[in-house]
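Subject: Structure for you to look at

Hi,

Here is the structure I promised to pass on.

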Amino acid sequence: MAPPAPPLSRVFAELDPAPSPLPEGQVGLPALSEREVHVSGSAELSARPDRARVSLRLSSRKEAAAAARSSVSRRLQYIAHIARLRGVPEENMTVTEDFSRVENTYQMEAEVCIIFSDFGKMQDVCNLLIEKLGTSVTISPPHFYHTPEATDTLRRQVCVTAVGNTRRKAQEVCRLFGQALGKPLLIKEEETKEWGGHIDSHLSHSADSQTLQERIQNATAYASCRVFAVFEIKGKENRRNKLL
C-alpha cells in the first residue's frame, strides 16, 4: 500500500534570487535583474446594520365612518409628532391607510413605517408609544439592514485592509532576510466573499424571543478579501538609519 501523499504546502511569500556577480576579470556593473518578493494576504471585516425599519399598525371599527377615521387619525398624528421630536425626518416616515365597510360598521386601518439610523432613538420612540398608546398600536420587531452605501464601504475597507496586511507581511519577510521593501509592482485581488447581513428577523421562528442585540448580530454583514502582490526589493536594509 502506497504511503499517503504529504499535505500540500501554501507559499505565502517568495523572494527572487539576487543578481549573479560579474565573471572574474570583467569590468562593469552587474546585470540589473529585478528582485521581487511575492506575497499573498487576506482580511476579514464585519459591519453592523446602519438602518432599522419599524412598522406600527393601527385600526378602528365604528358605526360612523367619521369616528373610525378620527380615531386612527389622532393616533397617526401623535406617532408622527413623537418621531419628529426624536429627530426622524419626514421622508423616513411612510403611512398607508385602508378604509372599508365591515357588516354594519366602518373599519379604518393604517400602517406607519419608520426608518431609523439611530437605534437608541428607535428604542425611545417605541417605548414611549407603547406607554402612551398601549394596545391600540401594534409595533412589529425592528428589521435591521444595510444601505447600499454601507455595503460599498465594507467592500472597500476589506480590500484596503487586505492590501495593507499583504504589504506588512512583505516587510516582515524582507526584514527577516535583511532586505528593504520597495514599491509595489503588482496587486491583484484573488478572491472576495460576502455573507450575512440579509437575515430577515421577521421570518425567524424565534423572532419574538430575540433581544435587540441578537437581531443586530443576525443582520451583521461580513466580507473577506484575499490579494496577491509583488513588491520590489531595494537591497540591504540600512541598519544605521534603523538604529537612528
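**What I found**

Of the 244 residues in the protein chain, 33% are buried (buried is under 20% relative accessible area, exposed is over 50%, and partly exposed is in between, with a 1.4 Å probe and protein chains only). Before you read on: this is a predicted model, where local features need pLDDT of at least 70 and side-chain atom pairs count only at pLDDT 80 or more, while totals for chains, interfaces and linings use all residues. Residues are numbered from 1 along each chain as its sequence is written, and side-chain values use heavy atoms, with hydrogens and water left out.

**The overall picture**

The chain has five helices and nine strands, taken as DSSP runs numbered from the N terminus (helices are H or I with at least four residues, strands are E with at least two). Reading from the N terminus, the order is β-β-β-α-β-β-α-β-β-α-β-α-β-α. If you take the contacts between residues at least 6 apart in sequence, 79% of them join residues at least 24 apart; a contact here means heavy atoms within 4.5 Å. The accessible surface is about 15,900 Å², and carbon and sulfur atoms account for 52% of that (Shrake-Rupley method with a 1.4 Å probe; for residues, only the protein chains shown count as cover).

**The largest pocket**

What lines the largest pocket? The residues are Met-122, Gln-123, Cys-126, Asn-127, Ile-130, Ile-139, Ser-140, Pro-141, Pro-142, Gln-210, Leu-212 and Arg-215. Two elements, α2 (119–133) and α4 (212–218), each give two or more residues to this lining, and α2 has the largest share with five residues. By type, the lining splits into seven nonpolar, four polar and one charged (Ala, Val, Leu, Ile, Met, Phe, Trp, Tyr, Cys and Pro count as nonpolar, Asp, Glu, Lys and Arg as charged, and the others, Gly among them, as polar).

The volume of the largest pocket is about 260 Å³, that is, the space filled by probe spheres set on grid points, which are joined across faces, edges and corners. On a 1 Å grid over the protein atoms alone, a pocket is an open set of points with protein on both sides within 12 Å along at least five of seven lines, and lining residues have an atom within 4 Å of a point.

**Aromatic pairs**

The whole structure holds three aromatic pairs. Rings of Phe, Tyr and Trp (its six-membered ring) pair if their centres lie within 6.5 Å; planes under 30 degrees apart are stacked, over 60 edge-to-face, and the rest tilted. One of the pairs is Phe-99 with Tyr-106, which is stacked at 5.8 Å centre to centre with 10° between the planes. Phe-99 is partly exposed at 31% relative accessibility, and Tyr-106 is partly exposed at 23%.

Another is Phe-119 with Phe-144, an edge-to-face pair at 4.9 Å centre to centre and 75° between the planes. Phe-119 sits in helix α2 and Phe-144 in strand β7 (residues 143–145), so the pair ties together parts that are 25 residues apart in sequence. Phe-119 is buried at 14% relative accessible area, and Phe-144 is buried at 3%.

Phe-231 belongs to strand β9 (residues 221–236) and is buried, at 2% relative accessible area. Phe-231 and His-38 are 193 residues apart in sequence, yet 6.6 Å apart in space, C-alpha to C-alpha.

Val-112 is in strand β5 and is buried at 2% relative accessibility. Its contacts beyond four places in sequence include Val-54, Leu-56, Leu-76 and Ile-79.

Glu-103 is in the loop between β4 (93–102) and β5 (105–116). This residue has a positive phi of about 55° although it is not a glycine, and counts as exposed at 70% relative accessibility.

Cheers

How values were computed:
On a 1 Å grid over the protein atoms alone, a cavity is a set of points where a 1.4 Å probe fits but cannot get out, and a pocket is an open set with protein on both sides within 12 Å along at least five of seven lines; lining residues have an atom within 4 Å of a point.
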